[in-house]
Amino acid sequence: MSTPKVSIVIYTVYHHIYKLAVEAQHGLKAAGVQSTIYQVSETLPDNVLKAINAPPKPDVPIIQPHQLAEADGFLFGLPTRFGTAPSQIKALLDGTGGLWAKNALAGKFAGTFFSTSSQHGGKKLLHSQPSPTYFVHHGINYVPLGFRSPHLNDNTEIVGGSPYGAGTITNPDGSRQPSKKELEVARTQGELFGNVVATHIRGRKH
């Protein structure tokens with residue numbers, strides 16, 4: 001029986017999303033799922049990245065739209081831009097028309113995790129627009145996290161995340177790093193998502 005495969009597709013500037021992706025990958029491994037972290041192409045020019053003190057990009061491959069068809073599921077990690085997804089993620093998804101024409105992504109699974117600069121940074125709007133719109137048109141099954149992690153009910157400290165998926169609060173200047181609890185939520189999401197994908201693949205083989 002082939003091992004289920006999940007692609008973790010991220011856009012990250014200050015590595016908050018990348019750190020969540022690494023934890024989600026640990027969770028996927030615990031579920032017996034093979035995974036690869038990809039990043040999308042950067043569209044900001046170098047002078048802008050320098051002006052905002054962006055560190056070098058993580059050492060992970062850049063994904064092309066056709067590669068989405070190679071996985072059984074996807075976890076998309078993205079920061080918010082005025083309550084919606086950044087254009088870099090949209091550019092990747094806009095390039096999937098050929099896959100849509102062939103129903104190449106139909107029946108696969110997707111989940112999302114995010115970062116916002118504040119506790120009120122539009123995370124719910126992010127999860128409802130635009131990613132699920134793409135998922136619906138492709139026939140992709142969206143898998144939310146729910147309240148499967150007790151940290152999402154913890155009011156003793158700031159904890160990013162929501163029933164849609166794991167998350168972290170970055171501060172407007174990017175100075176706040178993912179907390180231990182936020183990282184644990186990402187690992188939980190990875191394992192739960194991996195279990196869903198693996199269960200489907202095993203059932204399909206019989």
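Biologist: Before we start, what should I keep in mind about the numbering and the values?
Modeller: Residues are numbered from 1 along each chain as its sequence is written, and side-chain values use heavy atoms, with hydrogens and water left out. As this is a predicted model, local features need pLDDT of at least 70 and side-chain atom pairs count only at pLDDT 80 or more, while totals for chains, interfaces and linings use all residues.

Biologist: What radius of gyration does the chain have?
Modeller: The C-alpha atoms fill a box of roughly 50 × 40 × 30 Å along the principal axes. The radius of gyration is taken over C-alpha atoms, and the globule rule is 2.2 Å times the number of residues to the power 0.38. For 206 residues a compact globule would come out near 17 Å, and the chain agrees with that at 16 Å.

Biologist: How many of the residues, in percent, count as buried?
Modeller: Buried means under 20% relative accessible area, exposed over 50%, and partly exposed in between (1.4 Å probe, protein chains only). Of the 206 residues, the share that counts as buried is 50%.

Biologist: Which residues does I169 contact, leaving aside neighbours within four places in sequence?
Modeller: I169 lies in strand β6, and it counts as buried because its relative accessibility is 6%. Contact means heavy atoms within 4.5 Å. With those neighbours left aside, the partners of I169 are T116, S117, S118, Q119, I158, G160, R176 and E182.

Biologist: T116 is on that list. What lies 2.7 Å from a polar atom of its side chain?
Modeller: T116 belongs to strand β4 (residues 109–116) and is buried, with a relative accessible area of 2%. A polar contact is a pair of N or O atoms within 3.5 Å; within protein, one must be able to donate a hydrogen and the other to accept it, and residues adjacent in sequence count only if both atoms are side-chain atoms. The atom at 2.7 Å from the T116 side chain is the backbone oxygen of S118.

Biologist: Is H15 buried or exposed, and what is its phi?
Modeller: H15 sits in the loop between β1 (5–10) and α1 (16–30). Its relative accessible area is 18%, so H15 is buried. Most residues other than glycine have a negative phi. H15 is not a glycine, yet its phi is positive, at about 80°.

Biologist: And where is N171, which also has a positive phi?
Modeller: Phi of N171 is near 75°, and the residue is partly exposed, with a relative accessible area of 29%. Its place is in the loop between β6 (167–169) and α7 (180–205).

Biologist: Which residues does S149 touch, not counting those up to four places away in sequence?
Modeller: S149 is in the loop between β5 (141–142) and β6, and is buried at a relative accessible area of 2%. Its partners are V185 and T188.

Biologist: Last one: what separates the C-alpha atoms of E70 and K5?
Modeller: E70 is in the loop between α2 (46–51) and β3 (73–79) and counts as partly exposed at 49% relative accessibility. E70 and K5 are 65 residues apart along the chain, and their C-alpha atoms are separated by 8.0 Å.

Technical notes
Helices (H or I, at least four residues) and strands (E, at least two) are DSSP runs, numbered from the N terminus.
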